[in-house]
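Welcome! Here is a short tour of the structure shown below, taken one topic at a time.

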Protein chains: 2
Amino acid sequence: MGKNAIVGQSGGPTAVINSSLVGVFQAARSRGAEHVYGMRFGVKGLLEEQYIDLSQTLRDTLDIEILKRTPASYLGSCRYKLPSPEEDVELYERLFSILRKLDIGYFFYIGGNDSMDTIAKLSDYGASIGSDIRFMGVPKTIDNDLMNTDHTPGFGSAAKYIAATMKEILRDSLVYDTRSVTVVEIMGRNAGWLTGAAALAKAEDCEGVDMVCLPETPFSVQRFLERMDRLQNWKKDIVVAVSEGLRTEDGTYVCELDGHEARTDAFGHHALTGTARYLADAATKQLGCRTRAIEFSTLQRCGSHITSRTDITEAFQVGGAAVKAAFEGHTGEMVGLTRISNDPYQYTTELHDVHTVANLEKKVPAEWITRDGVGVTQEFLAYVRPLIQAELTPIYVDGLPRHIYIR
Amino acid sequence: MGKNAIVGQSGGPTAVINSSLVGVFQAARSRGAEHVYGMRFGVKGLLEEQYIDLSQTLRDTLDIEILKRTPASYLGSCRYKLPSPEEDVELYERLFSILRKLDIGYFFYIGGNDSMDTIAKLSDYGASIGSDIRFMGVPKTIDNDLMNTDHTPGFGSAAKYIAATMKEILRDSLVYDTRSVTVVEIMGRNAGWLTGAAALAKAEDCEGVDMVCLPETPFSVQRFLERMDRLQNWKKDIVVAVSEGLRTEDGTYVCELDGHEARTDAFGHHALTGTARYLADAATKQLGCRTRAIEFSTLQRCGSHITSRTDITEAFQVGGAAVKAAFEGHTGEMVGLTRISNDPYQYTTELHDVHTVANLEKKVPAEWITRDGVGVTQEFLAYVRPLIQAELTPIYVDGLPRHIYIR
């Protein structure tokens with residue numbers, strides 16, 4: 001049995017993914033791992049033997065505190081789908097030989113549904129060749145779309161960023177005594193968890209947004225404009241939150257309705273950007289008032305200067321729980337968060353077969369979306385609110401939050 | 001001599017304009033003003049007799065603390081240029097009769113160059129009719145483009161938001177082991193103060209941005225792309241900050257180069273949005289790599305969850321200094337901040353004839369822009385750095401920063 005551990009980060013960054021990394025690192029060290037290696041750029045980097053020894057880059061406990069507050073993936077990340085062993089057995093042989101060379105007994109991968117696919121494939125292949133390396137998944141995604149976990153680390157902080165910023169946008173949008181429309185675009189290709197979080201802005205001290213449009217509900221531009229027109233009969237400033245992934249009845253992305261060539265990223269995914277711009281322009285034409293389009297873009301996932309302490313703590317804990325499980329003999333599993341109650345908010349961690357998570361997507365349930373399709377229910381809010389509670393103060397140096405990075 | 005004071009907020013909101021409002025309110029009360037009125041929606045609202053009594057809406061000192069942390073203009077704002085008395089003397093008569101009715105002795109207006117034009121006109125007209133009302137300007141603008149003040153309240157917090165967020169974007173942009181270009185668009189139509197502040201991101205813990213492109217320097221898309229191409233020979237991820245107001249040699253806004261009809265706001269101003277999008281698209285074509293366009297949009301001016309304590313304190317102080325000056329007999333002046341030294345940072349307030357401020361614009365001096373036109377000098381950074389120091393912690397309630405608003 002190998003005596004070292006290795007950990008990787010995969011998929012899109014979050015504000016708290018490094019807290020999970022710290023959780024894995026500290027738990028593995030305290031359970032006796034001699035070295036805890038970090039793969040650079042996920043499993044893709046590991047295949048090129050890009051890795052570091054975390055004990056060497058994290059010099060002391062202050063480094064570790066700062067790493068918890070540093071956004072994005074400290075180790076680097078990849079968007080890489082492992083081929084199956086049938087497609088490329090050589091790749092698996094190469095990877096396992098690298099793991100043997102490093103004397104790895106424990107392999108941790110922090111990521112979303114694609115990353116859990118990696119854990120599933122590696123643990124299956126490991127079993128097929130009689131390897132005793134234990135492979136564990138640590139959940140992470142701002143999108144909150146993983147199965148078998150009440151919610152995902154990363155979501156709470158993104159939701160808090162969105163709700164806090166939405167409150168500020170609302171204050172800003174209402175200052176003039178003229179009609180206006182502000183459309184804010186929020187991440188979430190197929191799942192509206194983050195867009196729905198914009199509804200948290202409504203409170204004693206804030207009017208809240210006028211609509212939240214989730215990708216779960218087919219979208220009609222015409223109905224949207226009519227609704228804004230009606231709203232402006234009694235309130236001059238309209239602020240709405242829309243998902244980047246809104247589609248019309250026939251499945252066309254709203255951001256592609258302007259006839260522009262769809263922008264695709266290096267992986268062939270449609271880059272969903274421009275939904276707010278399209279709707280704001282349509283509102284300008286139809287309503288003839290001042291409009292503004294705002295995209296939260298990467299800010300919502302990397303805004304580590306305002307994180308949820310609940311989230312950052314949970315991110316840390318799922319890392320530790322994965323290590324505990326691996327050292328106790330588990331493999332091919334993901335740590336999930338199970339909610340015990342909303343009020344008081346209580347949760348625990350449980351293990352799930354990673355095959356029941358990989359490649360699946362959890363959407364906002366229909367009963368949590370209001371009948372008119374432009375709001376979320378009290379149940380939705382009661383679910384999200386505990387996840388944005390409390391703060392972890394940034395460590396400010398010379399006026400700016402301090403981070404740590406690999407030179 | 002009227003025994004009451006009135007205060008208004010005008011122009012674009014900032015994260016700290018309400019701190020100036022609190023400064024005026026508290027100083028006027030402590031100097032014996034019986035009522036301190038707030039004009040709703042600036043002088044435009046006042047002309048329609050829209051005002052409130054601030055002692056009635058601010059119930060206690062906690063309200064006042066929260067108001068300091070509330071972004072945007074508590075009283076509402078306007079973008080309204082007073083006609084001259086020659087053009088519309090009736091308007092002036094109406095306005096002064098409202099002021100008499102409210103028994104106003106002191107009139108304060110918090111705003112930028114347009115707002116100082118309002119103070120200039122009102123104090124001139126007041127003098128011409130022998131009014132004893134004292135009119136004082138309180139500086140405010142994230143753009144930092146006011147004359148006769150070392151810097152403007154609002155700038156420091158916007159600069160801190162930009163630098164802090166830029167650090168986060170840098171961390172986020174560098175996670176993949178593939179080439180990428182991120183273009184971030186920052187406010188400042190003609191003055192590059194805020195865009196230059198993106199250069200503050202560079203520190204021990206951050207690589208910093210690769211270029212800052214200010215509107216003071218004529219811009220060439222071709223040179224910009226060539227430079228990125230060269231940069232990618234030795235570093236894979238490029239992050240640049242560009243001003244929304246970039247123009248080519250012939251004066252065309254970069255955001256209008258795509259041939260799109262320019263978006264104009266209700267005031268006929270070109271809405272300068274799309275510079276980053278245009279440049280990111282151009283980079284995709286030329287460099288064939290993953291690109292991303294990010295607009296800070298209103299977030300940079302309303303981000304009160306991360307403010308500079310230096311800025312918020314100065315905003316408070318210029319409000320108080322304006323009241324002191326008015327009660328001591330001054331009129332037709334603006335309070336300016338005068339820097340005594342950078343290190344240690346020391347400053348004082350001075351009074352300036354408002355005519356020497358109104359309608360003028362202070363740009364970044366040419367000697368503070370690097371010769372290659374894509375950077376700022378150490379002098380620029382030494383000038384900005386003191387203004388982003390220290391924080392004012394938001395008051396979090398139920399996970400979100402608390403605000404106050406007029407119902």
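Into which domains is chain A divided? Domain 1 is made up of the segments 4-141, 306-358 and 391-401, while domain 2 covers 155-302. Please keep in mind as you read that this is a predicted model.

## Confidence

Let us begin with how the prediction scores. The average pLDDT of chain A is 95, and 97% of the residues score at least 70. For the model, ipTM is 0.97 and pTM is 0.97.

## Two domains in chain A

Taken over C-alpha atoms, the centres of domain 1 and domain 2 of chain A are 33 Å apart. The two domains do touch: 14 residues of domain 1 of chain A are in contact with nine residues of domain 2 of chain A. On the domain 1 side of this contact there are seven nonpolar, five polar and two charged residues.

## How the two copies are related

## The contact between the chains

Chain A gives 56 residues to the contact and chain B gives 55 residues. On the chain A side, the elements that supply two or more residues are the helices α2 (42-47), α7 (155-173) and α11 (299-302), together with the strands β9 (290-295) and β13 (400-401). The largest share comes from α7(A), with nine residues.

What is the make-up of the side of chain A that touches chain B, by residue class? It divides into 24 nonpolar, 16 polar and 16 charged residues.

## The nonpolar core

The largest nonpolar core has 264 residues, and the members that touch the most other members are Ala198(A) and Ala198(B).

Which residues does Ala198(B) touch, leaving aside those up to four places away in sequence? Its partners are Ile162(B), Ala163(B) and Met166(B), then Val184(B) and Ile186(B), then Val209(B) and Val212(B), and finally Ala241(B).

Key
Residues numbered from 1 in each chain as written. Chains lettered and ligands numbered in written order. Predicted model: local features only at pLDDT ≥ 70, side-chain atom pairs only at ≥ 80, totals over all residues. Domains from an automatic or database assignment. Contact = placed C-beta atoms within 7 Å. Nonpolar A, V, L, I, M, F, W, Y, C, P; charged D, E, K, R; others polar. Core = buried A, V, L, I, M, F, W, Y, C linked by C-beta atoms within 7 Å. Buried ≥ 20, exposed ≤ 12 C-beta atoms within 10 Å, placed from the backbone. pLDDT = per-residue confidence, 0-100. Helix = DSSP H or I, 4+ residues; strand = E, 2+ residues; numbered from the N terminus.
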